[in-house]
Amino acid sequence: MNNAIKYIIIIINFVIRTACIFIISKVGCSTESTEMIYTTNVVFICTFFNTGILPMLCTANLEHQLPAWLVNSLNLKGDSSDFNQNWFTNIGDTIVGSMKFNIYFPVAMEVMWFTMRFVKRYRDKSGIESHPSKSKSLQQFVNVWSGPQFFIHYKYSSIMNITFITMMFGPGMPTLFLYAALSLLVMYLLENYMLYYVYKIPPAYDEKLNNHVLQKLAWAPEILLEFSY
C-alpha cells in the first residue's frame, strides 16, 4: 500500500497543479507578474501540504499537544506522537519514495507529451507533395507543429516544494538531500533542452517572480534548523 501512495502523491500533485493553474487563469489578475506570483504561491502551498503535511496528519497523535476540541474535530489520534521508528517506517518511507519518484516523473511526462505531439503531427501529414499538411488554415498548422507554451510558475513551485520538503525531513532522512539534488539536476537539464528545442519562444518575464521565490526560499534553512532541533 505504501508503494502505491508514493506514486499517488506525485500524481495528485500534478492534478492539483493543473487545477490551480486553470482556476487562477480563469479568475485573472491585474498584471501578468501578479498572476505568476499568485499561481506559484497557490501551487506551492497545495503541493507542499499534500506531500509533507497531509501524510504527517494521517497518523499524528496530538492529544496532549493541541486543544481537545481541535484534536477531536480533526481526529488527530493516530499512532505517532513523534518522529519515532513507527513514523519513519511508514510515513517517512512514503515521503522518501515520493521524492525519489519525483526524479523521473517529469521525464516520463515529457515522453508522454512528446508521443502525443508526434502522433498529431504524423496524422497531419497528407503524403501529397503539393499539399503535405491536412491543416485547413495556417493557424491549424501552427497549432499542430509548434511546441507547447513555456510556463515558469509551476517550475518555481516545484523547486520550492522540493526544497522545503527536503529541509523539513532531511535531518531525519538524509537520503532526501541526494534525491533533491537529483530532482533539481534533472529539472535543470530537461528544462534547458525543452527551452532550446521544444517550447515556443517564452514571454519576457520580469524579475518580480524570481525575486519573490528567492525571498521564500530564504526561509528554508529556518525550517531545517527547527526540525533538526
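Biologist: Helix α2, residues 32–59: what span should its 28 residues have, and how far apart are its end C-alpha atoms?
Modeller: This is a predicted model. At 1.5 Å a residue, α2 should span 40 Å. Its end C-alpha atoms are 41 Å apart, which agrees.

Biologist: Where does α2 bend?
Modeller: At Ile53, by about 40 degrees. A proline follows within four residues: Pro55.

Biologist: Let's look at Thr39. Which helix is that in?
Modeller: Thr39 sits in helix α2.

Biologist: Is Thr39 buried or exposed?
Modeller: Thr39 is buried, because its relative accessibility is 2% and the cut-off for buried is under 20%.

Biologist: Follow His153, then. Where is it found?
Modeller: His153 is in helix α6, which covers residues 153–169. His153 counts as buried, at 2% relative accessibility.

Biologist: What does His153 touch, with the residues up to four places away left out again?
Modeller: Ile21, Met36, Thr39, Thr40 and Leu209. Ile21 is touched by Thr39 too.

Biologist: Change of topic. How many disulfides are there?
Modeller: The count is 0. Cys20 is in none; the nearest cysteine sulfur, that of Cys46, is 4.0 Å away.

Biologist: Is Cys20 buried or exposed?
Modeller: Cys20 is buried, with a relative accessible area of 11%. Cys46 counts as partly exposed, at 29%.

Biologist: Zoom out. How many helices and strands does the chain have?
Modeller: The protein chain has 9 helices and 2 strands. From the N terminus the order is α-α-α-α-β-β-α-α-α-α-α.

Biologist: What box do the C-alpha atoms fill?
Modeller: Roughly 75 × 40 × 35 Å, along the principal axes.

Biologist: How much of the chain is buried?
Modeller: Buried residues make up 37% of the 229. The chain exposes about 14,300 Å². Carbon and sulfur atoms supply 65% of that area.

Biologist: What share of the contacts joins residues at least 24 apart in sequence?
Modeller: 70%, among contacts between residues at least 6 apart.

Biologist: Now Lys77. Where does it lie?
Modeller: In the loop between α3 (68–74) and α4. Lys77 is partly exposed, with a relative accessible area of 44%.

Biologist: Which residues does Lys77 touch, beyond those up to four places away?
Modeller: Ala60, Asn61, Glu63, Val71 and Asn72.

Biologist: Last one, Ala108. Which helix?
Modeller: Ala108 lies in α4, residues 85–124. Ala108 is partly exposed, at 42% relative accessible area.

Biologist: How far is Ala108 from Asn211?
Modeller: The two are 30 Å apart in space, C-alpha to C-alpha, and 103 residues apart in sequence.

Definitions and conventions
Residues numbered from 1 in each chain as written. Predicted model: local features only at pLDDT ≥ 70, side-chain atom pairs only at ≥ 80, totals over all residues. Heavy atoms only, no water. Disulfide = S-S within 2.5 Å. Buried < 20%, exposed > 50% of the residue type's maximum accessible area, 1.4 Å probe, protein only. Expected span 1.5 Å × (residues − 1). Bend = angle between axes of the 7 residues up to and from the residue. Contact = heavy atoms within 4.5 Å. Areas by Shrake-Rupley, 256 points an atom, 1.4 Å probe, with all protein chains shown as cover.
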